[in-house]
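Student: Could you take me through one part of this model in detail? I'd like a close look at the ligand site, told as one connected story.

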Amino acid sequence: MGRLTPGFHRRGEGRAEDADEGRLPPGQYLTHDFPVLSAGPTPDVGTDEWTFTVQNETGDELTWTWQEFMNLPQEHPTVDIHCVTRWSKFGTTWTGVSLDTLLEDVETAADYAVAYCHGGYTTNLPLEDLTDGKAWIAHSFEDEPLAPEHGGPARLVVPHLYFWKSAKWVRGIRLTLQDEPGFWETAGYHDYGDPWREQRYSWS
Ligand SMILES: Nc1nc2c(c(=O)[nH]1)N[C@H]1C(S)=C(S)[C@@H](COP(=O)(O)O)O[C@H]1N2
Ligand SMILES: [Mo]
């Protein structure tokens, strides 16, 4: 905690502006690039075959086609993102549908959620971290359709947690009564992943 990152005080890349004091979580550096971090190959998912499903703990499902999803109310959040590999990026703008909208008609007593993806990636988080304007299924980045390597056609964006929670090529969300660790969480990443508390790995 509170460790100074090399580059934090250097000029240019990696240097936080004075106005951004307090905006960079501990142990992070600022980048203007958009690194790609994928655990496997980029799946080729066409919008004609794309669907998004929310399943509750009793197995009830709601599914949207691409057209139905695009007809839902769209939001335009601008957020800072933080990767556990220590890069942060300020002021990224996304377009997509709030999880509040997608969960509106879902009856559930679940406290947890698992996001699952084309390619098999999963990540878990408390359901309350998806609600109240904290998470989106985004299809555009900086007003352009989301590039396949960044999760296009659509990805989860949960900016207040480390970016591994922002599942790319997301297919759906499964609501669960018990916490079910996902791909990285099973491999030793922290179960929750709060960048402000440096919850990087379960052994730290
Ligand atoms: N489906 C899927 N989603 C994923 C990943 C992945 O490997 N597969 N990597 C995660 C990790 S570790 C990070 S840091 C971010 C990286 O997103 P980016 O490649 O758009 O920067 O995606 C997250 N979502
Ligand atoms: Mo990551």
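Tutor: Let's settle one term before we start: a polar contact here is a pair of N or O atoms within 3.5 Å. Keep in mind, too, that this is a predicted model.

With that cut-off in hand, start with Arg155, where a polar side-chain atom lies 2.7 Å from an oxygen atom of ligand 1. Over at Ser166, a backbone N or O atom sits 3.1 Å from a nitrogen atom of ligand 1. As for how covered the ligand is, on its own it would expose 530 Å², and the protein buries 98% of that.

Now step back to the residues around it. Ligand 1 has 20 residues around it, and those that come nearest are Pro35, Ala39, His150, Arg155 and Lys168. By type, the shell around ligand 1 splits into 14 nonpolar, 3 polar and 3 charged residues.

Where does all this happen? Ligand 1 sits in the largest pocket, which holds about 490 Å³ of space. Its lining is made up of 29 residues, with Leu37, Ser38, Ala39, Tyr121 and Trp184 lying nearest the centre of the pocket. The lining of the largest pocket divides into 19 nonpolar, 8 polar and 2 charged residues.

One backbone detail is worth a look while you're at Arg155. The peptide bond from Gly152 to Pro153 is cis, with omega near 10 degrees. Pro153 belongs to the loop between strand 9 (144–145) and strand 10 (155–157), and Arg155 is the residue whose side chain contacts an oxygen atom of ligand 1. For context, most peptide bonds are trans. If you're checking the backbone anyway, glance at Arg86, which has a positive phi of about 95 degrees although it is not a glycine; Arg86 lies in the loop between strand 4 (78–82) and strand 5 (87–98).

Key
Residues numbered from 1 in each chain as written. Chains lettered and ligands numbered in written order. Predicted model: local features only at pLDDT ≥ 70, side-chain atom pairs only at ≥ 80, totals over all residues. Heavy atoms only, no water. 1 Å grid on protein atoms, 1.4 Å probe; cavity = no way out; pocket = protein on both sides within 12 Å on 5 of 7 lines; lining within 4 Å. Points joined across faces, edges and corners; volume = space filled by probe spheres on them. Nonpolar A, V, L, I, M, F, W, Y, C, P; charged D, E, K, R; others polar. Near = heavy atom within 4 Å. Polar contact = N/O pair within 3.5 Å; in protein donor to acceptor, adjacent residues only side chain to side chain. Areas by Shrake-Rupley, 256 points an atom, 1.4 Å probe, with all protein chains shown as cover. Sits in = over half its atoms within 2 Å of the grid points. Helix = DSSP H or I, 4+ residues; strand = E, 2+ residues; numbered from the N terminus.
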